[in-house]
Amino acid sequence: MKKTLVFKVNSENPEAKIIREAAGIIRNGGLVAFPTETVYGLGADALNAKAVLALFKAKRRPPDNPPIVHIGKFEDVYKLAMDVPAKAEILMKTFWPGPLTLVFKRSNIVPDVTVACLDTIAVRMPKHNVALALIRESGCPIAAPSANLAGKPSPTTTEHVLEDLDGRIDAILDAGPTRIGVESTVLDVTVDPPQILRPGGSPREALEAVLGKVELHPIVVAEKRLPVEKARSPGMKHRHYAPKAKLVVVEGELPAIVQKVMQLVNNYKKQEMKVGVLATNETVSFYKADVVKSLGGRNHLDVVAKNLFGLLREFDAEGVDVIIAEGVPTEGLGLAVMNRLRKASGYRIVKASL
Ligand code: TXA
Ligand code: MG
């Protein structure tokens, strides 16, 4: 167990002294958690195999699931990727820095452990001054998966990171809650049309507006568990984002959802379970469960995305046995929200109709 240093840092204008100290830890092969616009990441020097190995260990991450490599300058992508297609350059110009991760054929400067022995690499430039300052000061690309223990919901605050990793990492840069709340969109640009491997902070609609057709990998929209052979992104086969409680997602038209959620609450109560409901502002007053929380308004899917992971952690803290979650529309950030909820439920999806 080591002592994890917590450095408070200004989110817009990070203090140079603090960034220098954190960058020194990265350069020496240490592990530093830092904020991005999506979620907190756990950073290590991406070109230092030993540091990346320690990163997997600290997170208890399966070694076949590679992290995203974060860069602070556009040029760096040409060092990490063997081939940067024209469509990728358009995306980089439009969306970087921002919540879009691109999967390229990888170059041979990258250690095998960083890419889990794949012949591809996932790269992004985060839109957060603290993240950018840390990467630039470290002078190396930074491998950074979300800063949670494997299988737990991604952290959107320093408190979440410490809940999982206090004593397991060297330091954290604390700049308050993250803005978007779900992870970046992972887009495979080694195929044409490009394919979304994980929906996230850059909505499909925004990518299509600049690129034309963008495909969705079948697992992204899966409503049931698909065979692992189909999982082109290693993260797809691991149960992710999961709270300790059993989670059930109810999907359909809103009146049908409300009726079904009420019915499920009663069923689980009869089984003497402590029942939680993950509702929305429009419906939160209808439910009489042990713990009822609202994700936000159904017309504000950005707010819903921002609240999702924190609320899942809160249900666990309150010790509920089962969480019944309302489905939301799969447009804009709603696709990322539903992908996380479906995965977290282990595909326990109930279709509601009147
Ligand atoms: O917003 C984010 O993306 C956050 C912040 C910290 O940047 N990072 C993040 O990293 O969510 P992580 O490691 O938790 O998720 C990375 C995802 C995983 O699903 C992984 O399987 C996929 O990206 N991935 C990484 N390398 C890949 C590759 N070469 N090909 C396909 N998928 C890859
Ligand atoms: Mg993760």
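This is a predicted model: local features need pLDDT of at least 70, side-chain atom pairs count only at pLDDT 80 or more; totals for chains, interfaces and linings use all residues.
**Ground rules.** I count residues from 1 along each chain as written, with chains lettered from A and ligands numbered from 1 in written order.

**Confidence.** I looked up pLDDT, the predictor's confidence in each residue from 0 to 100. The chain mean is 95, and 97% of residues reach 70 or more.

**Ligand 1.** I found 26 residues around ligand 1, each with a heavy atom within 4 Å of it. Thr 38, Asn 65, His 70, Ser 184 and Ser 233 are the closest. Next I checked polar contacts to the ligand (pairs of N or O atoms within 3.5 Å). A polar side-chain atom of His 70 sits 2.6 Å from a ligand oxygen. For the side chain of Arg 61, the distance to a ligand oxygen is 2.8 Å. Thr 120 places a polar side-chain atom 2.9 Å from a ligand nitrogen. Alone, ligand 1 exposes 680 Å², and the protein buries 98% of that; I note the areas are Shrake-Rupley values with a 1.4 Å probe.

**Cores.** A nonpolar core here joins buried Ala, Val, Leu, Ile, Met, Phe, Trp, Tyr and Cys residues through side-chain atoms within 4.5 Å; buried means under 20% relative accessible area (1.4 Å probe, protein chains only). The largest has 48 residues, and Leu 42, Leu 91, Trp 96, Leu 102, Phe 104 and Leu 187 touch the most other members. A second, separate core of 27 residues includes Leu 312 and Ile 323.

Technical notes. Side-chain values use heavy atoms; hydrogens and water are left out. Buried means under 20% relative accessible area, exposed over 50%, partly exposed in between (1.4 Å probe, protein chains only). A polar contact is a pair of N or O atoms within 3.5 Å; within protein, one must be able to donate a hydrogen and the other to accept it, and residues adjacent in sequence count only if both atoms are side-chain atoms.
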